[in-house]
Amino acid sequence: MQGRLTSHDVSVTVETSCHHCSEPFTLEIDSEMNIRVDPSDAEPVVFVPDVVPFDVSGPDIVDDF
């Protein structure tokens, strides 16, 4: 979202592990919501919550996620 707002290419890299089997994996997500996973055979569930930013009911947008 930040990259689209500022017209800059940005990405985030998340190093984490599977809750089920504890195997580590890395996610890289870019401004266009392209997702790369390492190792490539990992199949994490990745989604974008459907939140209307101007109609949040909590104290901030994070609480509505």
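Guide: β1 and β2 pair in the antiparallel sense, over seven bridges. Strands pair when DSSP finds at least two bridges between them. The elements themselves are DSSP runs numbered from the N terminus: helices are H or I runs of at least four residues, and strands are E runs of at least two. Within this pairing, Val 14 stands opposite Leu 27 in β2. The model is predicted, so that local features need pLDDT of at least 70 and side-chain atom pairs count only at pLDDT 80 or more, whereas totals for chains, interfaces and linings use all residues. Residues are numbered from 1 along each chain as its sequence is written, and side-chain values use heavy atoms, with hydrogens and water left out.

Visitor: In which sense do β2 and β3 pair, and over how many bridges?

Guide: Their pairing is antiparallel, with four bridges. Glu 28 stands opposite Arg 36 in β3, and Leu 27 has Val 37 as its bridge partner in β3. As a general idea, side chains in a regular strand alternate between the two faces of the sheet.

Visitor: What is the order of the strands in the open sheet?

Guide: The three strands run in the order β1-β2-β3, with antiparallel pairing. β1 and β3 stand at the edges, each with a single partner strand, so one side of each is left without a neighbour in the sheet. From one strand to the next, the twist averages 20°. For such angles, axes are lines fitted to C-alpha atoms (for helices over the stretch in contact), and the angles run from 0 to 180 degrees between N-to-C directions.

Visitor: How many residues lie between the strands of the hairpin that β1 and β2 form?

Guide: Six residues lie between β1 and β2 in that hairpin, and Ser 22 in the turn has a positive phi of about 70°. Ser 22 belongs to the loop between β1 (11-17) and β2 (24-30). β2 and β3 also form a hairpin, with four residues between them; in its turn, Met 33 has a positive phi of about 65°, although Met 33 is not a glycine.

Visitor: How many disulfides does a search of the whole structure find?

Guide: A disulfide is a covalent bond between the sulfur atoms of two cysteines. The criterion applied is a pair of cysteine sulfur atoms within 2.5 Å. The search of the whole structure finds zero disulfides.

Visitor: Which peptide bond is cis?

Guide: The bond from Asp 38 to Pro 39 is cis, with omega near 10°. Pro 39 lies in the loop between β3 (35-38) and α2 (61-64).
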